[in-house]
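Have a go at each task before reading the solution under it.

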Amino acid sequence: MRYRKLDASGDMVLGGGQAAFYRDQPEAVAQAVRTRLAMRLGEWFLDTSAGTPWNTKVLGKFTAATRDATVRSRILGTTGVVSIDAYSSTFDPDRRAFAAAATISTAYGKTKVSEPI
């Protein structure tokens, strides 16, 4: 798996040749997971059915039953993810804030992913 690195602000790292890419590393899969989670449902114009349904399945008023299952499903559906070894999440209904953290096994080793939303 080859995945272009992102900098601290989420922009693609350009230049630097092969150093700008993860290649067959757990970090590549972790970044792919973060990218999949960050893409909101309907955001991609070529496939409006792709993305994470944050407003209806995670952050909505009656989403307690679907919240973690939705995030775990998005993680497991990412190329290179073999399994979720540990998972935790927090939800603040007053601020509609959600944070998830997972330790995942990938085709290249283990890594951690955390995503504040």
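Predicted model: local features only at pLDDT ≥ 70, side-chain atom pairs only at ≥ 80, totals over all residues.

**Exercise 1. Count the salt bridges, then say which residues form them and how exposed they are.**

Start with the rule: a salt bridge is a side-chain nitrogen of Lys or Arg within 4 Å of a carboxyl oxygen of Asp or Glu. With that cut-off, the count comes to two salt bridges. Residues are numbered from 1 along each chain as its sequence is written, and side-chain values use heavy atoms, with hydrogens and water left out.

Step 1: take K110 and D85, whose closest N and O atoms are 3.1 Å apart. K110 sits in strand β5 (residues 109–116) and D85 in strand β3, so this pair ties together parts that are 25 residues apart in sequence. Strands here are DSSP runs of E with at least two residues, helices are runs of H or I with at least four, and both are numbered from the N terminus.

Step 2: take D92 and R95, which meet in a salt bridge at 3.9 Å, N to O.

Step 3: sort by accessibility, where buried means under 20% relative accessible area, exposed over 50% and partly exposed in between (1.4 Å probe, protein chains only). K110 is exposed at 58%, while D85 is partly exposed at 37%. In the other pair, R95 is exposed at 62% and D92 is partly exposed at 28%.

**Exercise 2. Work out the strand order of the open sheet and look at its hairpin.**

Step 1: two strands pair if DSSP finds at least two bridges between them. Three strands form the open sheet, in the order β3-β4-β5, with antiparallel pairing. β3 and β5 are the edge strands, each pairing on one side only.

Step 2: zoom in on β3 and β4, which are joined by ten bridges. Opposite S89 you'll find A100 of β4, and opposite T90 there's A99 of β4.

Step 3: check the turn. The hairpin of β3 and β4 has four residues between the strands, and R96 takes a positive phi near 55 degrees there.

**Exercise 3. Which residues of the largest nonpolar core touch the most other members?**

Step 1: a nonpolar core is a set of buried Ala, Val, Leu, Ile, Met, Phe, Trp, Tyr and Cys residues joined through side-chain atoms within 4.5 Å.

Step 2: the largest one has 17 residues, and V33, W54, V71, I75, Y87, F98 and I104 touch the most other members. Two or more core residues come from each of α1 (26–38), α2 (54–58), α3 (67–76), β3 (81–92) and β4 (97–106).

**Exercise 4. Is A8 buried or exposed, and how far is A8 from D47?**

Step 1: read off accessibility. A8 is exposed at 90%, whereas L6 is partly exposed at 33%.

Step 2: get the distance. The C-alpha atoms of A8 and D47 are separated by 27 Å, with the two residues 39 apart along the chain.
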